[in-house]
Amino acid sequence: MKQVLSWNRGNSSLHFAVQSRDIATTLRIALLSTTLALSGCATTPDAANSASSDSISLGAVDTASTLTPGKYALVVFGMSCPKCISNVDLQLAKITGVAHPKVDMKHGIVTIEVIGPEQPSREALFRAIGDAGFTLREIRTLKTSEAKP
Amino acid sequence: MTAYRRARATLISLVAAAACHVATPAVAQEMLSMPSATSPSPGVFIPRVQARAYFYEESQTLLEQDVRLEYGIARDLSVSLDLPLYEGFFDDPRPSNGEFGLGDLEAIVELRVLREDLGAVDTLRGAIYAGAELPTGTGGFGSDGVDPCVGGVLTGIFGRNGFDVAARWTFVTDESPFLPTFAGTTTDDYANIDLGYAFRLYPEAYGEERVPAWYATLELNSIVTTGTEYEVLLSPGLLLEAPTYAVELGVQIPVSSDVDDAPDLRVAAVVGLRLIF
């Protein structure tokens, strides 16, 4: 939908663009609602909370612009198949300072370790997960005593 | 019978050749015989090799090896090239006695227009695409013109269940595009409409281990021309998907058809392999 909107803006058809956006938004909501209803879907709106009550103990949400050395949990939505692991690995490997990614598909958690003098930015992590094809919801610190490699 | 033995031997060699392509990490939760709204990441190559054997009435056979390369240009933009190779064991005047030839090269640009990640596993994705079949065919397996096509696909994955809906329209600009499902040619524009369902057999729930997943798939693949010819195939399959490879195995069974001047398809078998680079 973003591409459609940008094309509309490029044509300077602002009124048409607004209309298209409204229609597109309405269609998207209707589509999502219908699909979820038909599938009987019980999604996990807060993977972080479910994760914290299970095998991974998460710390506070990290909102710093860069990540200091330590272990972090990336709360990721949309990793629906084993291939996703390869995609995440490939994209995170491009970020200097990020090491040892481990994907927990059950909870939608990617644990990483930030090492070395390079401090990766939050933006780089959001971009990498997005490029891998998924949605990074938030970045949390991992409690040191319970952090997994 | 000689043709069948040769067909079997060729199919085995094609599958073996496909298996030899295995090298590195791999794949995606995609159906066997229809598109999915999945795209490679930027800078990532995904080669896919499928071998198919079509068995028609009166011992006529067609073997197809399909080589597809996908490449991620940007986050939501990818291109793909798809080149089929055929070996025909039809009765005259169609390619017979193992005549070999290239099919038409299909070039597609795909734009992902919807990505709603709803949960740890759940996601809804949509893509539109456009491209053309280029006249690279030889030996009676291709066409003489450029046939443009447009299409769209919607993919939803909710827990262990995956759904796909796809539609495509191909504009036929010449007299002889080759369509395996019609065992020959059509001069009419045609539409492909596909429905697919995948159920994850194993694991029941994902964990922290990198285990391969097994899926049972069921597709309804249809093609209908503006000349009212049509064929509907029921396609059950099995998909094994790991972080580094995917193997697919399935059959296609005609459930309804009305095809002019072509042998009826009895069954088709497909074996596939997908990788990621």
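Let's start with Leu92(A). Outside the four sequence places on either side, Leu92(A) is in contact (heavy atoms within 4.5 Å) with Leu74(A), Val98(A), Pro101(A), Val110(A), Ile112(A), Leu125(A), Ala128(A) and Ile129(A).

A word on the source. This is a predicted model, where local features need pLDDT of at least 70, side-chain atom pairs count only at pLDDT 80 or more, and totals for chains, interfaces and linings use all residues. Residues are numbered from 1 along each chain as written, chains are lettered from A and ligands numbered from 1 in written order, and side-chain values use heavy atoms, without hydrogens and water.

Now the largest nonpolar core. That term means buried Ala, Val, Leu, Ile, Met, Phe, Trp, Tyr and Cys residues joined through side-chain atoms within 4.5 Å. Buried is under 20% relative accessible area, exposed over 50%, partly exposed in between, with a 1.4 Å probe and protein chains only. This core has 32 residues, and Leu92(A) is among those touching the most other members, along with Leu74(A), Val88(A), Val110(A), Ile112(A) and Leu125(A). Which elements supply at least two residues each? From chain A, strands E2, E3, E4 and E5 and helices H4 and H5; from chain B, strand E12. Helices (H or I, at least four residues) and strands (E, at least two) are DSSP runs, numbered from the N terminus. H5(A) gives the most, five residues.

There is a second, separate core of 10 residues, including Tyr56(B) and Leu233(B).

Last, cysteines. The whole structure has zero disulfides, meaning cysteine sulfur pairs within 2.5 Å. Cys81(A) has its nearest cysteine sulfur, that of Cys84(A), 3.5 Å away. Cys81(A) is buried at 5%, and Cys84(A) is buried at 2%.

Key:
Lists of a residue's contacts leave out its neighbours within four places in sequence.
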